[in-house]
Amino acid sequence: METLKLIMDTFGSSVLVPIIVFILSLILKVKPKTAFKGAVQMGVGLVAFNLILGALMTSLGGQVSAMVQNTAINMPGIDVGWAAGAVIVYSNTIGMFYLVLGLGVNLVLFLVKWTDTFQPTDIWNYYQFVFWAAIVQYLTGNFGLAIACAVFLNLVVLLLADLVGPAFQEHYGYEGVTSTCFCAINAAPFAILMKWIGKKIHADKIQLDPDKLKEKLGFWGEPMAMGLIIGIAIALIANWKELGTLATWATIITVGLTTGAIMALYPAVAGFFVRGLTPISTTMQMRVRRGEIKRQNFFISIDPAVYFGESANLAAGLILIPIMLGISIIEPGNKMLPLADLAAMPFMVESITAVMRGNIFGTVVTGAIWYTIGQAMNSTILTIFSQAAAAGGYKATGASLISSWSLGVVPWGWLGYKAFSSGWLWICVAVAVYLVVYFLFRKNKVKWQIAAGCSEEFMNEKILKVNVTETAAE
Amino acid sequence: MIKVVVACGGGIFTTSVVTDRLEEIMRKNKIRHTITPHKITEIPSITGEDLIVVTGKTSATNDEGIPVMIGISLFTGVGEEEFTEEFLAKVKEIEEQKGQNG
């Protein structure tokens, strides 16, 4: 154990993560050359992330720190985005460990038919819920408890994935798929409730035209422009007492440009990082498609980027960007301004769009309420996640704190972390609630999946009939 | 030389997979190329490129009329061969057009 810790401390995550991923790839029968190339690119991505986050911290971090100290605005949280969140999670021991354990857990749960969802194809998105487990670890110092929390949240994610699968297939038009990306599917149960309320008060009649909205709101989807504006705004507020000097204005504009530059560079850097995990995902996908898994009627989990661009979803997400930004400013007690994750808003509403069957108005209202609740929860975990980030080598400057908005505003994740860091009683309560909901879902699966937005016709033709013909063929 | 753009929601995960596959296809067919990542929301405003491949379904079109192809099959593996044929045909068409103009 001592030697292991020494090795980990000496080499650091940018060496270790790629090595673990390389070994894992080989075990899963990825071609050695592909696996090696992927691992090297992943290492390069990690180092590049260090550089880019360092730049963000020195420019924007200092300003946010100054803003908190010089004004009454208490928003120390810097939203470094989901990609950086992923890097931080995988740079922590628990993140590395769960890549291996999670894959095993997923395979076992699928083989014993606990779930209909095949998750190993979405290995990249483990960080979405392991994020919360990392917080448990830093709060309790108990690695076993953190792992238990990760497994528990993984079960919750799979339940959500089973629930929304048919609706995703119908609305987005891809057969046999679902999503296990926590931020993309977490709002589904709330959306079902909101849809029911909407019907009662006849709000479901309000229709908006997606294409017109997209044209008008296209600007909000451009990360570079968003970074520029938010960077300038924060620097302006931070330096409002010294606006008379030329040097202050130079600082303000530089901070704006730096933030814009970082937003623009993010995808390229993150693109390197994920290349370590893409071979595992594609190899698993190929093996499933080749029919190596003999099971009727299952959902393959694929990355939520494929659902992103659907007209209604994109329009609803883009409308929500300025709305959530506005709410985050006026919401009492909120400690983080969304920044890098603003452009990820269409991901956050994917399940709502599917449940609402493309009703944009319903999707926007539901998303705004759900993530306002999420923001309040997110404000309580910033300090502790910043510690996890620092342990992974990403330190915030001064009074500023770092986290990812889209990872932190997921209420189920917060509840899971709360339960697992509040003693055995609450853990038992959480597990009991999960089991009750799980067995109710299994008993009324079709009914629940229809409530989640799948039409009866689609259910009979595509989801259930597939089953009938396949059984007949055997 | 053919300039291809790969676009997805976040410009990250699916883009990486599809970019790798396209590179493989074009190298096999000895097509000189560049591949640039973009976001779906940027599709209308992309300029100076020859072909856009999107990793998910979208109704977005380019303002300059750069053709947009749906490349989801390269990600999921379903219908990959059909897409590859279609893609190569499109590339050939674009190269011929370029030849005429240049």
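## A tour of chains A and B

Start where the chains meet: 28 residues of chain B are in contact with 31 residues of chain A. Contact here means that the C-beta atoms of two residues, placed from the backbone, lie within 7 Å. This is a predicted model: local features need pLDDT of at least 70, side-chain atom pairs count only at pLDDT 80 or more, and totals for chains, interfaces and linings use all residues. Residues are numbered from 1 along each chain as its sequence is written, while chains are lettered from A and ligands numbered from 1 in the order in which they are written.

**Stop 1: the chain B side.** Select α1 (13-28), β2 (33-39) and α2 (72-76) of chain B; each supplies at least two residues of the side that touches chain A. Helices (H or I, at least four residues) and strands (E, at least two) are DSSP runs, numbered from the N terminus. The most comes from α1(B), with five residues. By class, this side of chain B has twelve nonpolar, 13 polar and three charged residues. Ala, Val, Leu, Ile, Met, Phe, Trp, Tyr, Cys and Pro count as nonpolar, Asp, Glu, Lys and Arg as charged, and the others, Gly among them, as polar.

**Stop 2: chain A as a whole.** Now show chain A, with its 24 helices and six strands. Its radius of gyration is 22 Å, close to the 23 Å that the globule rule gives for 474 residues, so chain A is as compact as a globular protein of that length. The radius is taken over C-alpha atoms, and the rule is 2.2 Å times the number of residues to the power 0.38. Along the principal axes, the C-alpha atoms of chain A fill a box of roughly 80 × 60 × 45 Å.

**Stop 3: α2 and α3 of chain A.** Select residues 13-27 and 32-70 of chain A: the axes of these two helices come within 9 Å and cross at roughly 160°. Axes are lines fitted to C-alpha atoms, for helices over the stretch in contact, and angles run from 0 to 180 degrees between N-to-C directions. The two helices are therefore roughly antiparallel. Angles under 35 degrees count as roughly parallel, over 145 as roughly antiparallel, 65 to 115 as roughly perpendicular and the rest as oblique. Among the contact residues are A:Val17, A:Phe22 and A:Leu26 of α2(A), and A:Phe36, A:Met42 and A:Leu46 of α3(A). The contact has 14 nonpolar, five polar and no charged residues.

**Stop 4: α5 and α7 of chain A.** Move to residues 93-111 and 143-172 of chain A, where the helices pack at an angle of about 45° with their axes 11 Å apart. That makes α5(A) oblique to α7(A). Show A:Tyr98 and A:Leu101 from α5(A), with A:Ile147 and A:Asn154 from α7(A); they are among the contact residues. The contact divides into ten nonpolar, two polar and no charged residues.

**Stop 5: two sheets in chain A.** One open sheet has three strands in the order β2-β4-β3, with parallel pairing. Two strands pair if DSSP finds at least two bridges between them. The edge strands are β2 (117-118) and β3 (177-178) of chain A. Zoom in on A:Thr117, whose bridge partner in β4(A) is A:Phe299.

The other open sheet runs β5-β1-β6 in chain A, again with parallel pairing. At its edges lie β5 (336-337) and β6 (401-403) of chain A. Three bridges join β1 (residues 77-79) to β6(A). Finish on A:Asp79, which has A:Ser403 of β6(A) as its bridge partner.
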